[in-house]
Amino acid sequence: MAFEPLKINTAERRGKLSLTIDSQSRLTVSRPAQRELNIKPYQYVVISVDVENKRIGVAKQELAKVPNATAIKMDKRGYLGASAGRSVCEKLGLPHEELPVKFHDIGWIDENGSRWRAFELSE
């Protein structure tokens, strides 16, 4: 049997705005999402969780005026850290066995005077 080369559409995989919680519970922002949100390494963001719709909201710290929110610094690889990932998993009831999970972009949402970039859990 002869080898048959694979044709992989890399353009389809690239350019997707998403957040991922990996198997080590680290919350990661994709490069396209970083560009869309205009987040650079070592800048702070605020994370919000919509439990009912299984969504995560992300906003730059200086743009978000959210009381009782903790700002999280993104590292140079796009990680927001394991504590953020574990907190999201806990709020959404995602067991560690189901990791990794991906959240796809659904656009901007204005809520209570804050503008969030929303990401919904992929099925």
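Guide: Rolling a probe the size of a water molecule over the atoms shows where empty space is left. Here the largest pocket has a volume of about 350 Å³. A pocket is an open set of points on a 1 Å grid over the protein atoms alone, where a 1.4 Å probe fits, with protein on both sides within 12 Å along at least five of seven lines; lining residues have an atom within 4 Å of a point. The volume is the space filled by probe spheres set on the points, which are joined across faces, edges and corners. This is a predicted model: local features need pLDDT of at least 70 and side-chain atom pairs pLDDT 80 or more, while totals for chains, interfaces and linings use all residues. Residues are numbered from 1 along each chain as its sequence is written, and side-chain values use heavy atoms, without hydrogens and water.

Visitor: Which residues are closest to the centre of the largest pocket?

Guide: Of its 18 lining residues, these are Ile47, Ser48, Val49, Ile72 and Ser87. The largest share of the lining, five residues, comes from α3.

Visitor: How is Lys54 placed, and what does its side chain reach?

Guide: Lys54 lies in the loop between β3 (44-50) and β4 (55-60); strands are DSSP runs of E, at least two residues, numbered from the N terminus. Lys54 counts as partly exposed because its relative accessible area is 31%, where partly exposed lies between buried (under 20%) and exposed (over 50%), with a 1.4 Å probe and protein chains only. The side chain of Lys54 reaches the backbone oxygen of Leu92 at 3.3 Å.

Technical notes: Helix = DSSP H or I, 4+ residues; strand = E, 2+ residues; numbered from the N terminus. Polar contact = N/O pair within 3.5 Å; in protein donor to acceptor, adjacent residues only side chain to side chain.
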